[in-house]
Amino acid sequence: MRIEGVKMKSIVSSLGIAFRGIVTKSSTIENKPTRSSSRAARKKKIKWTDRQSQILSSISKGESVFITGSAGSGKTMLVKEIIKLLKKIHGRSAVFITASTGVAACALSGQTLHSFAGVGLATADREVLFSRVCKDKEALKRWKNAKALVIDEISMVDANLFDNLEFLARKLRSKFSDERWGGLQLVVSGDFFQLPPIIDSQDSLSMKEFAFEADCWNSSFDLQVELSTVFRQSEPPLIRLLQGIRRGKCDFEDFKLLKQRCSNTEPEASVIRLYPRNEDVKRVNEKRLSSLEGKLVVYHALDSGDDPWKGQLHQGITPTCLNIRIGARVMLTKNVNINRKLVNGAAGTVSNFFVTKDGAVRDLCSDNGCGLLPIVRFDSGREWVVEPEMWIVMEGDKVCARRMQIPLVLAWALSIHKCQGMTLDRLHTNLSRAFDYGMVYVALSRVRSLEGLHLSGFKPRKIRAHPKVLRFYEDHFE
Ligand SMILES: Nc1ncnc2c1ncn2[C@@H]1O[C@H](COP(=O)(O)OP(=O)(O)OP(=O)(O)O)[C@@H](O)[C@H]1O
């Protein structure tokens, strides 16, 4: 038996659960690819589609672009390439990378849009926001120094905020006050058919809600493109089903296909369950964890930096406190080795713990003077010692906060909000409990194949696309 470079003959079982060994960055555990090798592997694989290439060329010309498209059509992947390009064009310190949620921001090593803007809750009048930013030296510096602004997961940004930010950009960058966004090159990405903004109102149909309803929306972009090739799924019936659901449609064929995926039998524990509400996620994970026997191992994240950036680390990118036992279902919260498919979203089961005297691990999790590292058997069959990883919150080229933690989360259950952006091999969900527009689409579009989709029920009326979103896509992309 061999755990990726950890020779089992050198491992002695002690404490009933723990192995003895040494883990250092230079140890025999082959879980750190060189940066250049993983970059080379990625470079070899990507052949940009015509639309993706069109966007890259428009960015090179300094144009502002809105990138949309179905789940799995390569928006995030393209945005990562765009960020590299923007840094070459404008310099690292003039490119600001933001997203509407902390999870999405950390995935791009950026910051939340609110923290970039320095607007706090942003519900105040725009003149109040302006004086608030003027009093915040750092925020003011960001606005003045920026040459490019990236905003990911735009579907969760509301119209009012988008208009207010454009106003602030023009007013704070007085040299460019005649230009939209004060002359910033803007790159916005997201799919409005996915999760909508949280608006504090009962009557969302009569007021502005989505960012595309902002007064400045159309004048903000030189180019608005919908990516049409789906990469995450390859089966035509599944792609057709998902494209229909994205637009709130479920015809007889779709109904039949979804019915076939329904079953009353409990799926095996290795299948991830998706729930619309956090309390269900917590309840299921805690219940499953407490049903396991054996020692509970606790990892406390090590955070550094200042607020508000430090606060972003608590927004769900990876747990502040991770409790696991042997047998726990877990999922990676970071890409740890792309070549070996150990990527954000890869699921597995904790098979044991590895004892190390490594100081960094001991600070996270101390046990009899040693630290324990989880050994995970991934569903691909690969067994891997999971080492601590670092998350950083950047502002331009400045690191403002860091978190060190074991990159795992309990994964018998996840919330639909948390899974936006993920790719899953297998999932189980009950569609009859979805409560928001786009929720059914986000949940179903995570899975790669029909075989991996398990439903315990669905109600066709829960498959809903917002009428305003439908109109926006008809007007702009058909
Ligand atoms: N040009 C391409 N060729 C091959 N694969 C691609 C290409 N573009 C993207 N992909 C792959 O498609 C998959 C989905 O990409 P990505 O996560 O960027 O989609 P997305 O549009 O951001 O999805 P979501 O809306 O669900 O977040 C990834 O595995 C990515 O590697």
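Tutor: Before we start, a polar contact is a pair of N or O atoms within 3.5 Å of each other. The model we are looking at is predicted.

Student: Which residue has a side-chain N or O atom 2.8 Å from an oxygen atom of the ligand?

Tutor: Two residues need to be told apart here. G72 has an atom 2.8 Å from a ligand oxygen, but that N or O atom belongs to the backbone. The residue that places a side-chain N or O atom 2.8 Å from a ligand oxygen is K75.

Student: Which helix gives the most to the shell around the ligand?

Tutor: There are 16 residues around the ligand, and Q52, G72, K75, T76 and R446 come nearest. By class, the shell holds four nonpolar, eight polar and four charged residues. The helix that gives the most, with three residues, spans residues 75-90 and is α3.

Student: Why are the buried residues of α6 on the same side of the helix?

Tutor: The buried residues of α6, which runs over residues 126-135, are L129, F130 and V133. They lie on the same side because they cover an arc around the axis of only 105°.

Student: What covers the buried residues of α6?

Tutor: Cover here is a matter of contact, meaning heavy atoms within 4.5 Å. The elements that cover the buried residues of α6 include α5 (113-117), α7 (137-145) and α8 (159-172).

Student: At the start of α6, which residue has a side-chain oxygen within 3.0 Å of the backbone nitrogen of E127?

Tutor: This pair has a backbone nitrogen on one side, and that nitrogen belongs to E127. The side-chain oxygen that reaches to within 3.0 Å of this nitrogen comes from D125.

Student: Is W181 buried or exposed?

Tutor: W181 lies in the loop between α8 and β9 (185-189). Its phi is near 50°, a positive value in a residue other than glycine. Buried means under 20% relative accessible area. W181 has 1% relative accessibility, so it counts as buried.

Methods. Residues are numbered from 1 along each chain as its sequence is written. This is a predicted model: local features need pLDDT of at least 70, side-chain atom pairs count only at pLDDT 80 or more; totals for chains, interfaces and linings use all residues. Side-chain values use heavy atoms; hydrogens and water are left out. Buried means under 20% relative accessible area, exposed over 50%, partly exposed in between (1.4 Å probe, protein chains only). Helices (H or I, at least four residues) and strands (E, at least two) are DSSP runs, numbered from the N terminus. The arc is that of the directions from the helix axis to the C-beta atoms. A polar contact is a pair of N or O atoms within 3.5 Å; within protein, one must be able to donate a hydrogen and the other to accept it, and residues adjacent in sequence count only if both atoms are side-chain atoms. A residue is near a molecule or strand if one of its heavy atoms lies within 4 Å of it. Ala, Val, Leu, Ile, Met, Phe, Trp, Tyr, Cys and Pro count as nonpolar, Asp, Glu, Lys and Arg as charged, and the others, Gly among them, as polar.
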